[in-house]
Amino acid sequence: MIAEAVTGIMDYRKKFFVDPAEALQLRKLDPGYKGDHEEEEAAKEETEHYRAKLGHQQALLYAERKHSVLVVLQALDAGGKDGTVNHVFSALNPQGTTVVGFKQPSPAELAHDFLWRVHPHAPGRGEVAIFNRSHYEDVLVTRVHKLIDKAAWTARYKRIREFEAGLADNGTTILKFFLHISKEEQLARFAERLEDPKRNWKISESDYTERALWDDYIAAFEDAMNATSTSEAPWYVIPSNHKWFRNLAVSQIMADTMESLGMAFPKPSVDLDEIRRKYHVAVEQEHGHKR
């Protein structure tokens with residue numbers, strides 16, 4: 001029923017892909033976009049279809065051990081990175097999944113090149129890794145706060161492309177999502193954090209100081225995505241004012257991309273006829289003992 005409902009649905013991989021040949025202008029992209037979905041419940045039903053598909057594809061990934069998947073989540077404060085992990089990627093088996101949050105670098109991390117702290121968390125074959133913030137912080141926060149100059153962040157774009165190309169050469173499929181919210185939506189979510197005791201812990205003194213730098217962050221995101229969106233490591237701008245639409249778009253892109261890998265369960269490494277024979281012998285012996 002659900003599969004029939006989603007047949008012919010818009011391909012969000014095409015719609016939200018950041019084409020490096022076109023200058024990205026986030027102000028021209030509606031963060032409140034929700035496609036043809038007027039009913040939240042209908043969108044949630046489709047999301048569950050893709051979550052189920054995602055769970056199946058992860059099982060194939062884990063069993064086959066030929067590929068890995070890296071998901072990068074970036075957004076302005078309150079953009080929904082944690083919510084995406086909770087509502088989309090909870091469909092994954094924790095046994096084959098890691099979630100890593102990259103905060104302000106430690107003194108040890110600052111003593112190394114900016115990719116040093118990231119590479120050890122890249123997924124091995126059969127694994128899914130989710131970066132909640134990522135190596136892109138080093139061309140976003142550092143740029144906005146004038147810790148590096150244009151020459152430095154431009155050089156880092158090149159290093160990032162090379163890093164991601166190296167992961168792709170080793171069988172890693174990379175999906176990078178920018179969760180696009182409006183300035184008004186951000187303020188509304190800040191208000192929710194103040195009013196809801198279960199969200200108070202998310203309040204940070206930096207929320208409003210960073211908000212004052214909104215335009216600088218938008219420019220930094222636009223340049224970074226334009227410079228690093230490639231066929232092997234694409235960026236997607238996901239309209240995220242409506243959390244339910246965000247979940248639908250991310251789950252569809254993730255599930256369909258994994259399906260395109262053409263994975264299958266590996267053939268057994270044992271002689272099944274021999275194993276069946278041993279099984280029947282064991283059953284007969286067990287029945288004999290009971291008699």
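Good morning. Residues are numbered from 1 along each chain as its sequence is written, and side-chain values use heavy atoms, with hydrogens and water left out. Because the model is predicted, local features need a pLDDT of at least 70 and side-chain atom pairs count only at pLDDT 80 or more, while totals for chains, interfaces and linings use all residues.

I begin with strand 1. Helices (H or I, at least four residues) and strands (E, at least two) are DSSP runs, numbered from the N terminus. How many of the residues of strand 1 are buried? Eight of its eight residues are buried; the word buried means under 20% relative accessible area, exposed means over 50%, and partly exposed lies in between (1.4 Å probe, protein chains only). In a regular strand the side chains alternate between the two faces of the sheet. On one side of strand 1 are S68, L70, V72 and Q74, on the other V69, V71, L73 and A75, and all of these are buried.

Strand 1 also has partners. Two strands pair if DSSP finds at least two bridges between them. Strand 1 and strand 4 (residues 172-180) run parallel and are joined by eight bridges; within this pairing, L70 has I174 as its bridge partner. With strand 3 (residues 128-132), strand 1 pairs in the parallel sense over five bridges, and there V71 is partnered by I130.

The next element is helix 11, residues 243-259. The expected span of a helix is 1.5 Å times one less than its number of residues. For the 17 residues of helix 11 this gives 24 Å, and the end C-alpha atoms are 24 Å apart, which agrees. Of these 17 residues, 15 are buried, so helix 11 is largely enclosed by the rest of the structure.

Side chains of opposite charge can pair when their charged atoms come close. Here a salt bridge is a side-chain nitrogen of Lys or Arg within 4 Å of a carboxyl oxygen of Asp or Glu, and by this rule the count comes to 19. One of them joins D256 and K53, at 2.5 Å from N to O. D256 belongs to helix 11 and K53 to helix 3, so this pair links distant parts of the chain, 203 residues apart. Both D256 and K53 are buried.

A second salt bridge joins K176 and E164, at 2.9 Å from N to O. K176 is in strand 4 and E164 in helix 7, 12 residues apart. Are these two residues buried or exposed? K176 counts as buried because its relative accessibility is 0%, and E164 counts as buried at 2%.

E274 and R277 meet in a salt bridge at 2.7 Å, N to O; both lie in helix 12 (residues 272-290), three residues apart, about one turn of the helix. E274 is partly exposed at 29% relative accessibility, and R277 is partly exposed with a relative accessible area of 45%. Elsewhere, E40, E41 and K44 are linked in a network of salt bridges.

I turn now to the aromatic rings. Rings of Phe, Tyr and Trp (its six-membered ring) pair if their centres lie within 6.5 Å; planes under 30 degrees apart count as stacked, over 60 as edge-to-face and the rest as tilted. The structure holds 12 aromatic pairs. Among them is the edge-to-face pair of Y136 and W235, 4.9 Å centre to centre with 75° between the planes. Y136 lies in the loop between strand 3 and helix 6 and W235 in strand 5 (residues 235-239), so the pair ties together parts that are 99 residues apart in sequence. Both Y136 and W235 are buried. Ring pairs also link Y12, F16, Y33, W244 and F245 into a cluster.

A charge sits over a ring if NZ of Lys or CZ of Arg is within 6 Å of the ring centre and within 35 degrees of the ring normal. The charged end of R143 sits over the ring of W153, 4.2 Å from its centre, and that of R65 sits over the ring of Y62, 4.1 Å from its centre.

R65 has a positive phi of about 55° although it is not a glycine. R65 is found in the loop between helix 3 (40-64) and strand 1 (68-75) and is partly exposed at 38% relative accessible area. K146 also has a positive phi, of about 60°, and is not a glycine. K146 lies in the loop between helix 6 (141-144) and helix 7 (150-169), and at 69% relative accessibility K146 counts as exposed.

Thank you for your attention.
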